[in-house]
Amino acid sequence: MIKLQIKLFCSVIVFFCAMLSAQQNQKKSFEVKDGQFLLNGKSIEIRSGEMHYPRVPKEYWKHRLLMMKAMGLNAVATYVFWNYHEETPGKWDWSGQKDLKAFIKTAEEVGLYVILRPGPYVCAEWEFGGYPWWLQNIKGLKIREDNEPFLSANKKYLTELYNQVKDLQITKGGPIIMVQAENEFGLFAFQRKDISDQSHQSYLGKIVKQIKDAGFDVPMYTSDVTDFFGGGHVEDALPGGNGEKDINKLKMVVDRFHNNQGPYMIAEFYPGWLTHWGEGFPRTRTEDIVKLTKDFLSNGISFNYYMIHGGTNFGFTSGANYNKEHDILPDLTSYDYDAPISEAGWRTPKYDSLRLVMAKYTKEKLPDVPAPIKVIKIENIRFNKLYNVFSYAQTQEKVKAEKPLTFEELDQGYGYVLYQHHFDEAVKGKLDVTGLRDFATVYVNGKKVGELNRFYNSYTLPIDIPKNSDLRILVENWGRINYDAQINQNTKGIISAVKINDKNITGTWEMIKLPFPDQFSLNMKTKPLSQEEYHTLKDMPTIYQGEFNLKEAGDTFIDMQNWGKGIVFINGKNLGRFWKVGPQQTLYIPGVWLKQGKNEIVIFDQLNGRVQNSVNTLDKPILNYLTR
C-alpha cells in the first residue's frame, strides 16, 4: 500500500512539473509584428554578435559568450556549416566540437538568444561556402541552382539540422528566435546574370519551402546588401541589410519589401574585415564603429556585429576568394577579423569602447568581463624525427590513370596530392600546368626545380627532364572559393592536361593521396631519417615530429617566421595553414589543446628552404607582417 502511495505521489509530481514546464514554454514568444520585434509581447531591439562554433574550441564557448553578454549584447548569431557535419555522404557528426545543440544551450545558459543561419550557402570565408566538396561528384548537381540533385541533398541536410535543434526554437521554449533564409542571395542573383531571374526565384522559393517543411517555425529573415534586396526577397521574411550605414536608406528599402514597416536590422554590421594571404591586415577604426553603434542605438536599429569574435579557421576550413589580379585569394588561418574580441578571446580597445556605449544607451548594469585565458610561451621545442614526404608517400594510397585526376575524382576533400609521371625519353621546354588548383612544388628526379602558384597566376616554368626520369608535382588544395560566380568551379588538384611545349603529357600518371587527417602521425609507417641525412631535406617536402613537456598549459602562438608553407598539428589537432609571405606569421594554439606533461608537435613544410632543429611559441600573435 505504501509503495502504491509513493508511486502515485511521484506521478503527481511529474505531472505538475510537466504542466509547469509547458506553461513556461507557452509564455515564450518572439514575433516580427507591427513594425517591431516582440519578445513575449514586449518590444525589443536586437543587439547581436556573430560567433561561429567551429572556430572556437568548445571549452571556450562559454567564456566568449559571457564576454558578449558583458558587452551588452542580447543575442548571438551563427552560421551552420553543412560540410562540417557531413564530411562524407550520409555520415553525420554533431558530437564534440561539432555539437551545435550544446553551443545553443550554452548561449541560453549565459542569457543570450540565438539567431540561426543555416544557409545552405554561408560564405563566411569558409571552405566552399559551407557546401560539402563531394556534392561536385553528383551527376547533374549544380550548387545554388534550381535542380533536383542539389535540392534533394539540401533537404536531407535541413532535416538533419532540424532534428538537432527543433526543441531549441523559442516556440518550444528554447533560445532560437529567428532563422535565416539562404544568404545574400540577391547579390548572387546579380552576379549570375547567366541564370534567369525566374530560375533564381524558383530556387530561392524551394529553399524557403524546405526550411519551413523541415519544421522551422520561428520568424524568418534574409541577409543581403540593400541594393540587391529585390533579387533575394522572400515573402513574409524580414529583410536585413548587410554593411548598410545609411539609416534612411535602410528604412526606405526595408519598407519597400516589408509592407511599409520595420523593424529595421543591420544583419551584418562589420566592426572589422577579412584578410587574405599576401595582403595587409585590414584595421577598422574604433571611432567609426562606435559612432555607427551610437547612431543605430539612438534610432532604434537592431544589429548583428559580424564578427564580434572571429576565432580561427582550424585545419583545412578556410575558404578563398578571387579577383582580376589573383586567380585565387586564400583566406588566412586566423579569423581575427579585427573584431572587438580577438582571435584568442582577448578584450580589445574596440570592445571596451563599445561596451561603454552599450552601457550608456541600454542603461543596464552590465556583468563583469570574464578574465582572459592564461597565456604561456614555450621555448626551444626540439624535433627528434624528420621524414622525407616522398618516402612517406610510398606508404599512402596510390591511384593510376591516363590523365591527372582531381581531388574529387580521387574521393579526397582536402590536403595534398602527389602527381607522378615517368618519362622514357628526354624532354626540355616549358612546363604548363594551367589546370593547377592551387599551389605546387615541382621536382625532377627528386630535385626541386620550381614552384607554381595560382595566387600569382603562375602556371608555367622551364623544365629539363633527362631520359628515364620522374616528374613529381606536389599539389596543395588551398581552400575552395566561397564567394561569387566561380563557386560552381571548385574542383582541386590538377584539373586539366599537363603540357610541355604546348603538347599534352600522355601515358600513365600516378596520384598519391596525402590528406593529412588529424592524428595521422599515429600511423606513420615510414622510417625517420638519421641526423646525417638531414641535409638532404633542404628544399624537400618534410615532416617534422617532436615532443615537449609542460608544467602548465595555456594559450600560445607558434612562431612560423622561419618556415616555408604548410600545416601544424598539436596533439593530433590541425592548427591550420602557414605561409612565409604572411601577413600571418604565427598560429594560435588553444591552451585546452595542450596538457601538463608530454605533448606532440608535427609540422609539414612543403617548401623547407632550411632544415629546422626547433620552434618556439610567443605570447602575442603576429598577424600583419608581409615578407613579399
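**Labels and their grounds**

Reply: Proline 120 lies in the loop that runs between strand E6 (113-117) and helix H5 (148-165). The model is a predicted one, and the peptide bond from glycine 119 to proline 120 is cis in it, with omega near 20°.

Me: Which other peptide bond is cis, the one from tyrosine 306 to which residue, and what is its omega?

Reply: The bond leads from tyrosine 306 to methionine 307, and omega is near 0°. Methionine 307 sits in the loop between strand E11 (302-305) and strand E12 (320-321). Such bonds deserve mention because most peptide bonds are trans.

Me: What makes the phi of glutamate 182 worth noting?

Reply: The phi of glutamate 182 is near 50°, a positive value in a residue other than glycine. Most residues other than glycine have a negative phi. Glutamate 182 belongs to the loop between strand E7 (176-180) and helix H6 (185-191).

Me: Is glutamate 182 buried or exposed, and why is it called so?

Reply: Buried means under 20% relative accessible area. Glutamate 182 has 0% relative accessibility and therefore counts as buried.

Me: Asparagine 445 also has a positive phi. Why is asparagine 445 called partly exposed?

Reply: Its phi is about 50° although asparagine 445 is not a glycine. The relative accessible area of asparagine 445 is 45%. Partly exposed covers what lies between buried, under 20%, and exposed, over 50%, so asparagine 445 is partly exposed. This residue is in the loop between strand E19 (439-444) and strand E20 (447-453).

Me: How do you know that asparagine 482 counts as buried?

Reply: The cut-off for buried is under 20% relative accessible area; asparagine 482 stands at 0% and so counts as buried. Asparagine 482 is placed in the loop between strand E22 (469-476) and strand E23 (493-494).

Me: What is asparagine 482 in contact with, leaving aside its neighbours within four places in sequence?

Reply: Contact requires heavy atoms within 4.5 Å. Its partners include Tyr121, Cys123, Glu125, Trp126 and Phe128, as well as Gly319, Ala320, Asn321 and Asp331. Between asparagine 482 and aspartate 331 there are 151 residues of separation in sequence, and their C-alpha atoms are 9.9 Å apart in space.

Me: What volumes do the largest pocket and the second largest pocket have, and which residues lie closest to their centres?

Reply: A pocket, unlike a cavity, is an open set of points. The largest pocket has a volume of about 1000 Å³. It is lined by 36 residues, of which Glu87, Lys98, Gly315, Phe316 and Asp518 are the closest to its centre. Helix H3 (82-85) and strand E30 (573-579) are the elements that give two or more residues to this lining. By class, the lining has 11 nonpolar, 13 polar and 12 charged residues. The second largest pocket contains about 350 Å³ of space. Among its 23 lining residues, Cys123, Glu125, Trp273, Leu274 and Tyr483 lie nearest its centre, and the lining comprises 14 nonpolar, 6 polar and 3 charged residues.

Me: What makes strand E9 mostly covered?

Reply: In strand E9 (residues 238-242), 5 of its 5 residues are buried. Leu238, Gly240 and Asn242 are on one side, with Pro239 and Gly241 on the other.

Me: How do you know that E9 pairs with strand E8 and with strand E10?

Reply: Two strands pair if there are at least two bridges between them. E9 and strand E8 (residues 220-224) share 4 bridges in the parallel sense, with serine 223 opposite glycine 240. E9 and strand E10 (residues 265-269) run parallel and are joined by 2 bridges; there, asparagine 242 has glutamate 268 as its bridge partner. From E9 the chain crosses through helix H9 (residues 247-257) to E10, and this β-α-β crossover is right-handed.

Note on methods: Residues are numbered from 1 along each chain as its sequence is written. This is a predicted model: local features need pLDDT of at least 70, side-chain atom pairs count only at pLDDT 80 or more; totals for chains, interfaces and linings use all residues. Side-chain values use heavy atoms; hydrogens and water are left out. Buried means under 20% relative accessible area, exposed over 50%, partly exposed in between (1.4 Å probe, protein chains only). A crossover is right-handed if, with the strands pointing away from the viewer, the path from the first strand over the helix to the second runs clockwise. On a 1 Å grid over the protein atoms alone, a cavity is a set of points where a 1.4 Å probe fits but cannot get out, and a pocket is an open set with protein on both sides within 12 Å along at least five of seven lines; lining residues have an atom within 4 Å of a point. Grid points are joined across faces, edges and corners, and a volume is the space filled by probe spheres set on the points. Ala, Val, Leu, Ile, Met, Phe, Trp, Tyr, Cys and Pro count as nonpolar, Asp, Glu, Lys and Arg as charged, and the others, Gly among them, as polar.
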